Amino acid sequence: MIMIGICVLVLLIGMLKQKAAIMLNLLVRVIVGCVAMTLLNDFLQKQGIPVSAGLNPLNLLTIGSLGTSGFALIYGILFYSLL
């Protein structure tokens, strides 16, 4: 019984470690995406292009989960709405 308990404990620690790595990756993507959105919004505003993505939870979740492709998706939708 002690051996089974130790095995279960090791498996739980491994699962928590993996979930922590996933959450850290998500958090890093959200922070980098937030900075990139702010910089791109400023750049587009200086160029006179009327496209600006807001920093809201849905956009940050999209960037956090999809990464660079989520960032491109948000701005792609905004540029498509200009057409």
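In which helix is the place of Val35? Val35 lies in helix α1, helices being DSSP runs (H or I) of at least four residues, numbered from the N terminus. This is a predicted model, in which local features need pLDDT of at least 70 and side-chain atom pairs count only at pLDDT 80 or more, while totals for chains, interfaces and linings use all residues. Residues are numbered from 1 along each chain as its sequence is written, and side-chain values use heavy atoms, without hydrogens and water.

**View 1. The nonpolar surface patch that includes Val35.** Leu24, Leu27, Val28, Ile31, Val32, Val35 and Leu39 make a patch of about 660 Å². Patch residues have over 30% relative accessible area and no salt bridge, and nonpolar side chains are joined within 5 Å. Val35 counts as partly exposed because its relative accessibility is 46%, between the limits for buried (under 20%) and exposed (over 50%), with a 1.4 Å probe and protein chains only.

**View 2. The largest nonpolar core.** Met37, Leu44, Val51, Ala53, Ile63, Phe71, Ile74 and Tyr75 form this core of 8 residues; such a core joins buried nonpolar residues through side-chain atoms within 4.5 Å. Two or more residues come from each of α1 (2-47) and α3 (68-82), and α3 gives the largest share, 3 residues.

**View 3. Contacts of Phe71.** Beyond four places in sequence, Phe71 touches Gly33, Ala36, Met37, Leu40 and Ile63, contact meaning heavy atoms within 4.5 Å.

**View 4. Asn59 in helix α2.** Asn59 belongs to helix α2 (residues 57-66) and is buried, because its relative accessible area is 14%. Apart from neighbours within four places in sequence, Asn59 contacts Met37, Ala53, Gly54 and Ile74.

Terms used:
Patch = residues over 30% accessible without salt bridge, like charges linked within 9 Å, V, L, I, M, F, W, Y side chains within 5 Å. Areas by Shrake-Rupley, 256 points an atom, 1.4 Å probe, with all protein chains shown as cover. Salt bridge = Lys/Arg side-chain N within 4 Å of Asp/Glu carboxyl O.
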